[in-house]
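This report walks through a structure one part at a time. Keep the sequence and the 3D view open while reading.

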Amino acid sequence: MSELLTAARPRLDGTFLERIGLGNIALVIFLVIYPAVASEFFIVQIGAYSLIWGMLALSLMILAGYGGMVSMAQISIAGVAGYTVAIFGMNHTGVHGFGWPFWILVPFAVLLAALVAGLIGLISNRTEGIYTIMITLAVATGFFYFTQQNYALFNGHSGFAGIDAPKFWGINWRAPVPFYYLCLGCAVLSYAAVLYASRSAYGLTLQAVRDNARRMRALGYDVTRHKVVAYFYSGLIAGMGGVLLVWFNGRISPGTIDVSAAINVLVIAVIGGMRHPIGPFLGAVVVVLIQTFAIDVVGAERYNTLIGLVFLLIVFASPDGILGLWEKAKLRAPREQVFSWIRCGRG
Amino acid sequence: MRSKINYALALAGMLMAPAMASAQDTMKIGVLATFEGAFTVLGEDGMRGAMTAVDEFHGMVGGKKIEIIKGSSDASPDSAVRAARKLVEQDGVKVLVGPLSGDEGLAIKDYAKTKPDVTFLNGSSAAQDTTLRDPAPNFFRFSTDGAQWMAGLGNYVYKEKGYKRVATVAEDYSFPYTQVFGFMAEFCKAGGHVPAKAWVPIGTKDYSSVIAAIPEDVDAIYVALGGADAVNFLTQYEQAGGKAPLIGGSITVDQTVLTSKGKIHDVLIGTPSAGPTADSNPSPEWKAFVAAYKKQPGAFPVPSLFAHAYYVNMKAALLGLQQVGDDVSDGGAKLRAALSKLVFETPTGKVSLDENRNAIADIFLTEVVKLPDGTLFNKLIKVTPQVNQTLGIPRDEFLKLGKVGRDNPSCP
Amino acid sequence: MSLTGETGAEMLAGGGFSRRHVWILAALVGAAVVAWLIFAIWPAWLSAALISKRAFFSAVLNGLTLSGLYFLVASGFTLVFGLMRNVNLAHGSLYLLGAYIGYEVTNRTGYWLFGVAAGFAVLAVIGVAMQVFVFRHLEGDDLRQTLVTLGISIVAADLMLAVWTGTTYQIPIPSWLDGAVTLPIVTAVRANGELIFLRYTFFRLVVLATAIVIGIGLWFMLNRTRVGMMIRAGVDDRAMLSASGINVHAVFAIVFAVGAGLAGIAGVIGGSVLSVAPGEDVRYLLASLVVVIVGGMGSITGAAIGALLIGLAEQIGLVYFPTYGVVLTFVIMVAVLALRPQGIMGRL
């Protein structure tokens with residue numbers, strides 16, 4: 001993967017506003033006031049759903065963008081967290097449902113997912129490039145079949161239903177507006193964490209490993225450990241996304257984590273662009289909109305063609321996704337002009 | 001910076017479209033079926049059945065024009081709930097007919113509980129627990145479930161055909177579990193034995209090993225596979241020189257399999273089966289229904305049980321709406337009261353609901369015959385009248401039999 | 001230690017038994033056991049443990065013949081990926097398209113062989129088109145190739161669904177290939193002492209034979225002909241090959257044509273043995289990936305070994321571990337990749 005956007009690096013001088021960037025602030029304001037202007041369907045089915053899938057794609061972006069490892073098993077990691085919530089929390093299927101309170105359950109589920117992710121990282125450690133894609137795809141498919149066939153733990157093809165989001169502080173967190181804010185909070189947290197980590201010592205080391213693992217090994221870095229830790233971090237985000245997903249659906253079954261879901265994560269990450277953490281979220285919004293409204297545009301039967309064509313268009317025209325297109329557009333307005341506008345505006 | 005703000009504003013504009021206010025003179029009804037993936041053919045036939053009912057009412061109900069909004073799933077429960085959400089929350093339907101497959105039905109039932117002011121009617125989903133255990137007060141199933149569909153078959157093959165030992169081959173999920181349950185409940189009670197049950201993973205294509213592992217001393221093989229799997233199994237069975245006769249599940253000898261091309265005809269002839277419809281039903285109501293169904297584009301020679309189920313449920317919805325004059329302003333309470341008491345004649349006989357809002361209807365015992373022009377049909381042998389969900393057994397005794405699963409029931 | 005102080009190994013060596021002799025002895029004993037397994041009537045405990053002799057041998061033979069089919073599909077993939085390093089995730093779609101075309105042609109002309117030929121020809125043309133329009137622009141970029149071919153496969157699958165709908169088709173096998181044959185394997189003894197022999201589908205044996213023939217042909221072409229030499233040279237060093245006056249683009253186009261054509265043939269054969277339905281493309285793509293990864297990229301022998309392993313695992317798993325048999329295939333793939341990332345016969 002080519003180097004990440006340098007444009008995103010904040011100016012270290014200048015005011016606080018300049019450091020964060022006016023555009024980011026506008027985006028945050030919009031996201032916060034969004035529930036006031038959108039319908040209930042759009043708040044949850046488009047808004048919250050995009051944020052959840054954005055988080056899943058973000059977990060892939062960490063591995064692929066910063067680590068150079070494309071993993072198709074992110075949805076399985078999310079599935080581990082989701083199934084943990086279903087099995088150890090409450091469900092109405094009558095199978096398991098040990099009723100752990102959410103404040104133990106959620107950290108446990110996310111941690112378990114991250115550990116499984118680390119395990120996957122360990123397994124695929126010696127592979128690279130297309131081989132990594134294939135071994136993680138095999139893990140994802142194998143896990144899907146296992147959840148489908150096993151009734152003792154995973155309740156097979158039917159899965160678990162009636163999984164409720166928790167109610168605390170007097171709020172039902174699955175009600176449209178609270179749930180949206182919950183997802184927004186988690187997404188912003190993940191985004192900020194990734195952005196911060198990418199500039200930390202670990203993040204830079206990871207990118208160096210991506211660029212030249214041999215040299216890093218020669219310099220004395222433990223390449224394996226860095227890669228596995230990257231999987232662990234991505235597992236934390238994917239796990240959180242998985243918990244939110246199971247609360248969103250209220251259910252989980254093998255169909256949630258099948259091969260097309262795994263490919264969906266990749267499609268979202270690619271369409272959005274993997275050079276900056278905002279990319280996966282952009283991609284998620286686009287894909288969710290297409291998935292929801294394609295049936296009205298081209299009819300139910302051909303919506304797969306529509307998504308496939310959009311995907312092909314993006315990959316051919318702009319390998320870095322929407323972000324890449326935006327980068328090219330931005331090149332027409334030089335940075336200096338923009339920042340002088342701010343300075344002039346402040347008098 | 002400015003471009004970023006503009007971009008954000010444009011995005012905001014796109015995302016803002018609230019649900020459109022429903023037009024005052026149309027009645028919106030959502031139809032949820034599988035229009036993606038391997039079950040598409042079945043979903044399309046279900047849609048044809050629903051549209052046959054709509055055409056019977058000439059597209060109007062209670063003075064308003066019927067507006068059908070399609071929801072598409074790929075037979076996975078998640079996609080069904082997502083499609084239902086879009087129909088209910090975005091398109092604003094107050095009456096929803098669907099879904100198609102068993103596991104989807106279980107998921108839609110759970111969703112229905114969260115939307116008490118929307119009335120849900122079944123499509124063709126036939127898993128038992130959708131209504132038997134923990135039912136939703138606003139989910140109505142005017143079609144029968146997979147165990148009901150097997151009524152009469154166990155006794156027929158034991159007594160009339162003389163099969164004492166039968167092996168079963170079925171897919172490994174809830175609907176086949178229900179079908180095998182329905183068959184074995186009668187067959188084992190009559191004295192039959194099932195020495196081997198083969199549960200094949202969904203999507204298995206190569207059955208030759210399964211065929212070879214079936215014990216050789218069985219009198220017949222009960223096959224509850226559907227669609228592509230059934231065609232595969234039957235072809236390989238015929239190629240492997242299979243000798244034991246077959247007993248069919250309801251979707252094994254359905255039109256979608258009978259109209260497949262190939263040499264499987266020889267193997268299928270004489271196979272008994274049972275289900276909610278019979279192709280050669282001589283009743284004039286059935287013939288009228290077939291004629292009306294054939295007017296739909298792309299129709300098969302005979303409607304499949306999916307078309308029939310969607311027809312019955314859609315007709316019930318329209319009858320209910322007609323009774324309350326399209327008035328769903330009270331959250332559908334009047335409509336649901338009307339539906340609970342609804343009794344009407346379908347092409348396959350009288351249909352009414354039990355206390356869990358599951359259908360009580362006639363079940364047809366059939367056998368596959370070959371017509372002079374070479375096509376295969378299910379010939380009607382016997383009608384088992386007014387079968388209820390507990391198969392005539394008292395409810396608490398029936399519930400004690402336990403949930404359907406790989407090992408329940410068992411009579412080796 | 002013996003009286004004269006020799007160790008056991010020295011005794012063996014000195015007594016005329018070299019290591020090679022031990023191996024030959026072991027192979028002979030093994031062959032004898034296998035022969036007894038095949039031709040003798042099994043004792044009751046063995047039959048009970050393995051369901052029945054008929055079930056066991058059917059599973060093994062089904063596994064072998066399924067391996068043949070997997071090898072046919074995967075051989076095209078390994079040719080393209082192993083040699084040209086082109087990731088073609090649309091390989092499954094090529095298989096499915098070949099199957100549909102084979103079905104149409106066989107139905108219209110009435111000759112199965114025409115169907116096979118049509119499957120090969122049409123897919124070869126499509127293969128050349130893909131090489132020229134898609135892969136030439138994406139040389140070297142693995143991820144982008146993956147994504148583009150993935151997008152193509154999504155669109156292609158949906159378009160094929162539009163044309164042929166979701167109905168399952170069965171390509172009719174010609175009568176001279178149809179039916180069951182009796183193999184010299186005794187499965188049981190009737191009460192009156194009569195031996196019952198195993199009956200097996202003839203066409204599946206034909207599939208296995210075809211796979212072996214094509215496999216040997218491919219190996220021969222690659223390793224013993226001029227064209228094969230050019231292909232291998234072109235992969236190692238394109239510039240040099242081009243400099244020596246050979247049209248590298250034409251060579252690669254031929255390779256892709258052959259690879260895609262093989263997928264087409266596999267599609268027609270698979271559609272005859274099993275059936276044609278939407279979803280087969282994903283299934284055979286996954287199977288090709290597993291076979292090629294396990295066997296090692298770019299190695300025809302590796303693809304054969306991988307296909308054997310996966311085919312046998314699938315069928316034996318289906319009979320003896322029906323619940324988790326499907327997971328077995330992927331467990332094998334993960335295990336191989338974790339322990340030997342280049343595959344069994346691959347070179348890193």
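Strand β12 (residues 344-346) of chain B and strand β13 (residues 349-353) of chain B run antiparallel and are joined by three bridges. Strands here are DSSP runs of E with at least two residues, helices are DSSP runs of H or I with at least four residues, and both are numbered from the N terminus. Two strands count as paired if DSSP finds at least two bridges between them. E345(B) stands opposite K350(B) in β13(B). The hairpin that joins β12(B) to β13(B) passes through two residues.

β13(B) is also joined by two bridges to strand β14 (residues 359-370) of chain B, and these two run antiparallel. L353(B) stands opposite A359(B) in β14(B). The hairpin of β13(B) and β14(B) has five residues between the strands, and in it R357(B) takes a positive phi near 60 degrees.

## Model and confidence

This is a predicted model, in which local features need pLDDT of at least 70 and side-chain atom pairs count only at pLDDT 80 or more, while totals for chains, interfaces and linings use all residues. Residues are numbered from 1 along each chain as its sequence is written, and chains are lettered from A and ligands numbered from 1 in the order in which they are written.

The model scores ipTM 0.79 and pTM 0.83. For chain C the mean pLDDT (the predictor's confidence in each residue, from 0 to 100) is 82, and 92% of the residues of chain C reach 70 or more. Where in chain C is confidence lowest, and where is it highest? It is lowest in helix α1 (residues 8-14) of chain C, with a mean of 53, and highest in helix α5 (residues 91-109) of chain C, at 92. Where pLDDT is low, the predicted coordinates should not be read in detail.

## Chain B as a whole

Chain B has 14 helices and 15 strands. Its radius of gyration (taken over C-alpha atoms) is 22 Å, close to the 22 Å that the globule rule gives for 412 residues, so chain B is as compact as a globular protein of that length. The globule rule is 2.2 Å times the number of residues to the power 0.38. The C-alpha trace of chain B spans about 75 × 55 × 50 Å along its principal axes.

Of the 412 residues in chain B, 59% are buried. A residue is buried if 20 or more other C-beta atoms lie within 10 Å of its own, exposed if 12 or fewer do, and partly exposed in between, with C-beta atoms placed from the backbone. Among the contacts in chain B with a separation of 6 or more, 77% come from residues 24 or more positions apart. Two residues are in contact if their C-beta atoms, placed from the backbone, lie within 7 Å.

## Two open sheets in chain B

One open sheet of chain B has six strands in the order β2-β3-β1-β4-β5-β6, with mixed pairing. Its edge strands are β2 (60-61) and β6 (139-140) of chain B, each of which pairs on one side only. β2(B) pairs with strand β3 (residues 64-73) of chain B in the antiparallel sense over two bridges, and V61(B) stands opposite K64(B) in β3(B).

Another open sheet of chain B has four strands in the order β8-β7-β9-β10, with parallel pairing. The edge strands are β8 and β10 (246-248) of chain B, each pairing on one side only. Strand β7 (residues 166-171) of chain B runs parallel to β8(B) and is joined to β8(B) by four bridges. E171(B) stands opposite V200(B) in β8(B).

## Where chain B meets chain C

How many residues of chain B are in contact with chain C? There are 26, and they touch 29 residues of chain C. On the side of chain B that touches chain C, α2 (40-56), β8 (197-200), α7 (208-213) and α8 (227-239) of chain B each supply at least two residues. The largest share, six residues, comes from α8(B).

## A tryptophan in chain C

W176(C) is found in the loop between α7 (142-164) and β1 (180-189) of chain C. Is W176(C) buried or exposed? W176(C) is exposed, because 8 other C-beta atoms lie within 10 Å. W176(C) and L147(C) are 29 residues apart in sequence and 43 Å apart in space, C-alpha to C-alpha.
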